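Please open the model in your viewer and follow the stops below in order. Each stop names a selection and then describes what is found there.

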Amino acid sequence: MSKYYLFQDSKKCIGCHSCEIQCKTNKALPVGPKPCQIIHVGPKMIGGLPRASYVFMPCFHCENPWCVAACPTGAMQQRAKDGIVFVDHNLCVGCKTCVSACPWGAPQWNPETGKVVKCDYCMDRIDAGLKPACVTVCTTHCLHFGKVEEMTQMRRERHARSVAALEEVNPS
Amino acid sequence: MEKEVYSLCFMCSIRCPIKVLVKDGQVKWIEGNPHVAGMEGSLCPRGAAGISLLYDDQRVQSPMIRVGERGEGKWRKASWEEALDLVGSKLKEIIDEHGGHSVVLGERTQLATHASKTFLKAIKSPNHFTHDALCKGSVNTACRSLFGYTDGQMGMQYNKAKHIVLYGRNIFEAVSVKEVNNVMQALENGAKLTYIDPRVTVTATKAHRYWMIRPGTDLALNYALIHVILKERLYDAEYVDRWVAGISELQDFVSSYTPEWAEKETGIGADEIVTLAREMSKDKPSVIFHFGYRGANNTNEIYLRRSIMILNSLMGSVEAPGGFFFKKGPGEEGGKPARKLTEQKFPKISVPRFDKVGTPDFPLPDPNHGVGQMLPFAILSEDPYPLKALIAYRFDPLGSIADTNQTKKALDKLDLIVAIDINYSDIAWYADVILPESTYLERTDCVQQANGLKPQMFLRRQAVEPRYDTRDGAMILKQIAERIGTGNFFPYENMDELVRWQLEGTGFSMEDFEAKGFVAYGKKQIFMDRRDGLKFKTPSGKIEFKSSLLEDAGFESFPVYEPVTAPSGGKFRLVVGRNALHTHVSTQNNPYLNEICSENELWINTEKAAELGINNGDPVAISSPVGSGEIKAKVTDLIHPEAVFMLHGFGHEAKKASRSYNKGVSDSVLQENVYDKIGGSPAYHETIVTVKAA
């Protein structure tokens with residue numbers, strides 16, 4: 001069952017790409033595949049101010065992952081204990097069916113190995129009690145990793161803080 | 001076997017504290033030092049690409065000796081013995097014939113800078129300069145003119161600030177991790193951010209107020225802000241009465257610089273200027289008008305930087321929580337700093353510096369850094385004397401000093417160019433001998449004296465053995481010194497010995513750094529007493545709006561504002577800057593960084609582009625009075641119509657750095673070598689370029 005969620009606090013993200021590079025460094029990947037990626041959208045003027053989105057795109061580790069269903073060799077798997085979707089590189093034959101199946105472009109092509117590589121939430125790190133690579137080094141700590149319910153709580157609390165009108169009234 | 005090493009990053013000059021995980025002699029992982037507030041694991045993208053640098057097979061792998069013409073790219077590999085002997089014998093000939101002062105060494109300020117300075121002092125050369133002057137010489141001079149401290153001796157307590165004003169200080173793209181997180185914390189706490197820049201940056205997208213100012217007119221804006229603040233008495237009167245010299249002179253001076261006047265010059269509404277002045281006053285003294293990191297745009301740079309610092313002073317935000325503070329050294333805690341090799345006794349130097357800093361010709365720039373952009377002029381004119389040899393220590397005059405073509409002409413006159421570098425930089429490519437330095441992960445470095453609200457020391461520790469035939473910079477200089485008879489000034493056999501020598505008398509040992517990567521002299525933040533205890537190092541002991549430093553040297557404290565003329569007819573003011581992925585000219589060939597950002601583009605305003613028939617993505621021809629190039633256009637509404645913008649540091653010429661070779665255009669090829677003749681900074685934004693569809 002899918003247990004984890006990776007929450008990007010977009011208010012704090014500066015679109016710097018640290019996550020993307022640390023991910024590649026950790027997996028020792030060549031130029032090309034990006035298991036996670038920051039996509040800049042904008043900037044454009046909104047209400048007189050320039051605004052942009054820096055959208056973080058990892059794998060979403062679906063509860064019902066189409067890539068796993070599509071994979072003909074059983075290389076693409078969902079880990080029973082926590083629902084992490086990962087590729088067993090020994091079984092991957094490079095057929096790219098998962099690339100076709102995923103609506104979000106999560107499975108990436110590694111031209112050096114001729115196989116697919118994807119975000120696995122750095123499950124070796126998770127198993128060692130650590131956070132995924134991207135979350136650990138995120139410049140502003142805008143990436144948070146945890147159980148889904150903890151992450152939704154974080155978002156609610158942050159939104160509540162931002163709309164609460166508890167500022168001091170300034171007489172001038 | 002696994003080990004963890006606390007060290008310091010060196011993908012840029014910030015030197016963020018890091019933790020390095022090594023397994024079987026290989027670096028497996030780097031993260032920000034978790035024990036350091038503001039780091040807590042964080043790395044910027046360049047820091048995250050450190051391993052990519054370590055294992056890059058396109059960096060310089062062994063000493064190289066040029067066999068073709070300069071810049072032709074014909075090399076042969078050499079042993080260290082041969083390369084060092086060659087450099088030693090050539091230098092010796094030059095010193096014997098022309099004197100030690102004919103040798104110049106330029107570098108990026110670094111932890112072993114005291115070794116570089118020692119190298120020159122030992123041969124009686126005053127000609128050490130750092131990259132700093134090219135970045136912020138005028139900020140330094142402005143700071144000394146007001147407070148008696150250099151900018152490097154001042155910090156900003158962002159996390160307690162209530163309003164931060166940034167003049168093109170693109171804090172969320174030109175990333176210093178701790179700074180980013182402290183500003184982010186301020187924003188989380190409800191602080192306001194005002195961002196002023198002719199171009200929309202990532203920082204602009206996070207700001208509460210963005211002003212697309214006419215390029216080059218920030219000083220007019222500030223004079224109007226000061227006008228409003230004085231007229232409406234919005235300043236911290238008690239603080240100003242106690243600590244400021246020259247308030248009435250300032251008041252007279254700004255009386256004609258009204259917000260309405262500034263609106264015409266800057267394009268920012270008069271009412272908006274008044275509003276900002278009032279807002280800042282409400283939040284004083286916990287406000288920061290940021291005096292900039294790079295401050296090298298215009299020929300009157302020192303006066304812009306002074307005006308920013310004057311605004312802070314009026315708000316009482318100098319040595320205030322949430323404002324500026326003076327960095328405290330170990331002495332404040334009764335401790336001693338690490339020793340430096342420059343403490344030794346050297347032979348007397350009787351000639352002026354090559355850049356004439358400290359002489360009546362150029363009295364005010366900081367001689368600790370010199371003025372690098374004078375190098376081509378000094379070589380070409382042989383004034384004050386002929387220069388014969390350049391040691392470029394991880395500093396690239398071709399990419400950093402404006403007007404590359406002129407710089408090349410000057411370099412061609414030299415008898416010897418030695419590059420100490422990690423990469424095939426353009427200056428390495430143009431050198432006679434390349435002495436390759438080990439990366440920061442492969443070497444121990446000198447102690448970092450980290451002054452601040454809490455004085456500390458940090459250490460860069462070797463994590464792995466050098467992957468290629470490279471050496472530590474401070475060892476390379478020592479080994480050259482041994483060949484020219486000055487080895488006695490380098491009393492160490494390896495970097496550990498040097499560090500231990502530095503730590504003698506501090507009460508700390510090298511082992512003390514092992515637990516957390518740093519040592520602290522005390523535990524509390526130190527602020528001076530704002531009522532009576534502020535120690536300004538000016539002659540008056542006050543903040544000198546009317547500056548004795550300037551006026552004693554024959555310069556005005558408040559010169560009349562000179563309007564900025566708008567370029568027209570396909571001409572634009574060239575402005576440059578950074579993004580989060582690259583450091584100056586040094587990272588463009590890094591595999592991971594290059595993958596995301598491999599070339600620069602020319603930002604041009606949509607309407608102007610339409611007039612010139614330029615579409616987004618088109619190649620355009622760009623030319624200035626000194627150089628030209630072809631670059632892709634990025635057509636956007638988000639840049640002022642008078643400006644075009646490009647990222648600094650592209651258009652490399654070194655072919656062995658194949659990923660960055662010939663990608664984009666080098667801003668320094670286009671820029672004219674003009675500068676602030678008082679403060680010392682280059683004026684990188686004074687060049688007017690012509691843009692045409694290619």
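Two strands pair if DSSP finds at least two bridges between them; strands (E, at least two residues) and helices (H or I, at least four) are DSSP runs numbered from the N terminus. This is a predicted model, in which local features need pLDDT of at least 70, side-chain atom pairs count only at pLDDT 80 or more, and totals for chains, interfaces and linings use all residues. Residues are numbered from 1 along each chain as its sequence is written, chains are lettered from A and ligands numbered from 1 in the order in which they are written, and side-chain values use heavy atoms, with hydrogens and water left out.

Three bridges join strand 19 (residues 456–458) to strand 20 of chain B. Display Phe458(B) next, which stands opposite Phe518(B) in strand 20 of chain B.

Move to Leu441(B), in the loop between strand 17 (433–436) and strand 18 of chain B. Leu441(B) has a relative accessible area of 1% and is therefore buried (under 20%; exposed is over 50%, partly exposed in between; 1.4 Å probe, protein chains only). Among the residues that Leu441(B) touches (heavy atoms within 4.5 Å) are Val20(B), Leu54(B) and Val464(B), not counting residues up to four places away in sequence. Phe10(B) lies 431 residues from Leu441(B) in sequence, yet their C-alpha atoms are 8.7 Å apart.

Finally, select Trp104(A), in the loop between helix 3 (97–101) and strand 6 (108–110) of chain A. Trp104(A) is partly exposed, at 44% relative accessibility.
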